[in-house]
Amino acid sequence: MPDAAGIRIRMYRVGFGDFFLLSLPTGGGGEQAHVLIDCGVHAHDIHAMAGALDLMKGDTGGKLALVIMTHRHADHISGFASGKDTFAGFTVERVWMSWFEDPSDGDAARIQSNLVAAAMRLRSAFAARSDPADAEFDRMAGNILGESLGLAAGSSNDVALQVLRSFKTAAGGPTPVDYYRAGDPAKLPQVLVDAGLDAQILGPPTDLNLVAQMDSKAHQYLTADDSGDDGPPAAPFDRVFQQPALMWPTHAPPLYSIAQIEAHIAANQPELLAAAAQSADNAINNQSVVVLFTFKGKTMLFCGDAQWGNWANFLFGGAIGASGKGGLTDDSKAILGSLDFYKVGHHGSTNATPIDVVNALKLGCVAMCSTDPGAYGNPAKGTEVPRTPLLAALAQRTQNQLARSDQVAAGTARPTAGLGDVAAPFSSGQDGKYIDYNF
């Protein structure tokens with residue numbers, strides 16, 4: 001194309017997880033600088049990570065200008081642990097994480113410690129129940145810890161974080177690690193500054209009330225015919241907390257037996273465990289670093305697994321409805337309306353990529369979605385991942401310039417039936433190990 005900027009975005013096929021490599025020209029001799037954005041897989045591990053890491057090492061010469069860990073879920077960082085021996089041969093000039101990973105921030109450390117403890121308790125509870133219906137929620141807890149589902153021994157998120165904090169620069173010194181919150185000025189390594197790359201940090205917010213806002217049902221793709229209308233107010237409590245009324249007797253004797261009370265509590269426990277697992281899982285997602293890159297007039301948005309509160313901070317400048325915040329800010333409209341590339345949030349889940357975002361995207365914006373159907377959600381409940389009406393809306397807005405990682409085969413996987421082959425503006429390589437977008 002005549003206005004090509006020389007950018008390549010590579011999405012590796014590893015299963016249910018994010019693994020993206022952004023490559024930019026740095027001079028006239030064909031040199032490139034590389035930005036790695038997440039490297040992980042958890043559910044539906046197709047045993048392609050080792051091969052993908054070898055490919056990336058050969059592609060980059062073992063030199064990464066910048067590594068971004070959007071958040072600490074295993075499906076975004078497990079590759080740093082399982083591939084720690086491979087990463088030992090890399091040099092990295094800078095690492096970015098969210099402010100929730102800052103070891104000097106007492107509040108952040110307490111939040112992460114509590115989430116890990118909750119995940120450990122949940123895994124124990126699910127193991128004790130041994131109910132196949134708990135599998136999805138057990139995966140959520142395991143995703144926080146980086147354990148289970150065939151991950152190699154020692155491939156915990158703690159190991160991944162140790163690897164991320166132990167890189168060396170090409171000069172031999174320790175790699176600087178930066179911890180970001182929305183609005184912070186971005187510190188790019190010099191090689192990217194010299195190449196002309198600019199970065200803007202859009203998330204996560206510092207307001208813990210916003211971080212706690214996981215969903216906004218009036219702004220999500222909940223049904224196949226969703227029109228985006230706000231509709232009636234949402235119920236005050238999520239469905240998982242709702243139970244039929246308990247009919248207490250109004251005449252003597254007024255008490256249930258201990259056995260009856262214990263039975264009622266036990267009957268409610270599965271839904272409460274599921275709610276707790278979803279809550280802990282979502283809390284990590286909303287910690288995601290959201291970054292907007294600009295290079296030679298082209299803009300690229302990487303949003304990790306940001307959920308509603310993280311998005312609302314960027315879209316509306318805070319909680320929608322608060323202090324007159326009822327519509328997109330001028331800045332968010334300008335960013336989305338001129339966006340050239342969008343990394344689809346949270347693997348195409350219904351609780352990411354709000355309707356507001358899709359409607360504001362530039363027509364013809366290119367998008368990539370790392371996903372694998374069947375790992376999470378239920379089509380009958382409108383929670384399948386990826387969410388069918390969301391991807392249909394994105395396909396329309398991008399003018400069918402939407403690539404899914406499960407369009408190609410790698411490792412033990414096969415392409416998802418019915419998706420069709422990878423077509424322009426995308427290309428695939430190495431027998432389906434990745435999908436590229438060049439522009």
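Me: Among the elements of the protein chain, which has the lowest mean pLDDT and which the highest?
Reply: This is a predicted model, with a mean pLDDT of 88 for the protein chain. In the chain, 85% of residues reach 70 or more. Among the elements, the lowest mean, 73, belongs to helix α9 (residues 258–285), and the highest, 99, to strand β5 (residues 66–68).

Me: Over which residues does pLDDT stay under 50, with 14 contacts beyond four places in sequence?
Reply: Residues 148–154 also stay under 50, but the model has 13 contacts beyond four places in sequence for them. Where pLDDT is low, the predicted coordinates should not be read in detail. The stretch with 14 such contacts is residues 223–237.

Me: How many helices and strands are there in the protein chain, and what percentage of its residues is buried?
Reply: The chain has 439 residues. Its elements are 13 helices and 16 strands. The buried share of its residues is 52%.

Me: Among contacts between residues at least 6 apart in sequence, what percentage joins residues at least 24 apart?
Reply: The count concerns contacts within the protein chain. For the chain, the percentage is 72%.

Me: Which residues have the most contacts inside the largest nonpolar core?
Reply: This core has 36 residues. A second, separate core has 34 residues, including Trp-311, Val-344, Ala-360 and Leu-361. In the largest core, the residues with the most contacts are Ile-9, Phe-293, Met-300 and Met-368.

Me: Which residues line the largest cavity?
Reply: The structure holds one cavity of 30 Å³ or more. About 30 Å³ of space lies in the largest cavity. Its lining divides into five nonpolar residues, one polar and no charged. The lining residues are Leu-202, Val-290, Ala-306, Asn-310, Trp-311 and Phe-314.

Me: Which helix gives the most to the lining of the largest cavity?
Reply: Among the lining residues are Asn-310, Trp-311 and Phe-314. The top contributor spans residues 308–316 and gives three residues. That element is helix α10.

Me: Is Glu-101 buried or exposed?
Reply: Glu-101 sits in the loop between β7 (95–98) and α4 (106–129). Beyond four places in sequence, its contacts include Arg-72, Arg-165, Tyr-179 and Gln-287. The cut-off for buried is under 20% relative accessible area. Glu-101 has 5% relative accessibility, so it counts as buried.

Me: Why does Thr-350 count as buried?
Reply: Thr-350 lies in the loop between β12 and α12. From Gln-307 it is 43 residues away in sequence and 9.4 Å in space, C-alpha to C-alpha. Thr-350 is buried because its relative accessible area is 13%.

Me: What covers the buried residues of α13?
Reply: Helix α13 spans residues 388–397. Its buried residues are Pro-389, Leu-390, Leu-391, Ala-393, Leu-394 and Ala-395. The cover includes β12 (341–343), α12 (355–360) and β14 (402–404).

Me: Which residue just after α13 takes a positive phi of about 55 degrees?
Reply: Asn-400, in the loop between α13 and β14, has a positive phi too, near 65 degrees. The value of about 55 degrees belongs to another residue, just after α13. That residue is Gln-399.

Me: Is Asn-400 buried or exposed?
Reply: For a contrast, take Gln-430, in the loop between β15 and β16 (434–438), with a phi near 50 degrees. Gln-430 is partly exposed, with a relative accessible area of 43%. The cut-off for exposed is over 50%. At 63%, Asn-400 is exposed.

Me: What is omega for the peptide bond from Gly-203 to Pro-204?
Reply: Pro-204 lies in the loop between β9 (198–203) and α8 (208–211). The bond from Gly-203 into this proline is cis. Its omega is near 10 degrees.

Me: Where is Pro-425 found?
Reply: The peptide bond from Ala-424 to Pro-425 is cis. Its omega is near 10 degrees. Pro-425 is found in the loop between β14 and β15 (426–429).

Definitions and conventions:
Residues numbered from 1 in each chain as written. Predicted model: local features only at pLDDT ≥ 70, side-chain atom pairs only at ≥ 80, totals over all residues. Heavy atoms only, no water. 1 Å grid on protein atoms, 1.4 Å probe; cavity = no way out; pocket = protein on both sides within 12 Å on 5 of 7 lines; lining within 4 Å. Points joined across faces, edges and corners; volume = space filled by probe spheres on them. Helix = DSSP H or I, 4+ residues; strand = E, 2+ residues; numbered from the N terminus. Nonpolar A, V, L, I, M, F, W, Y, C, P; charged D, E, K, R; others polar. Buried < 20%, exposed > 50% of the residue type's maximum accessible area, 1.4 Å probe, protein only. Contact = heavy atoms within 4.5 Å. Core = buried A, V, L, I, M, F, W, Y, C linked by side-chain atoms within 4.5 Å. pLDDT = per-residue confidence, 0-100.
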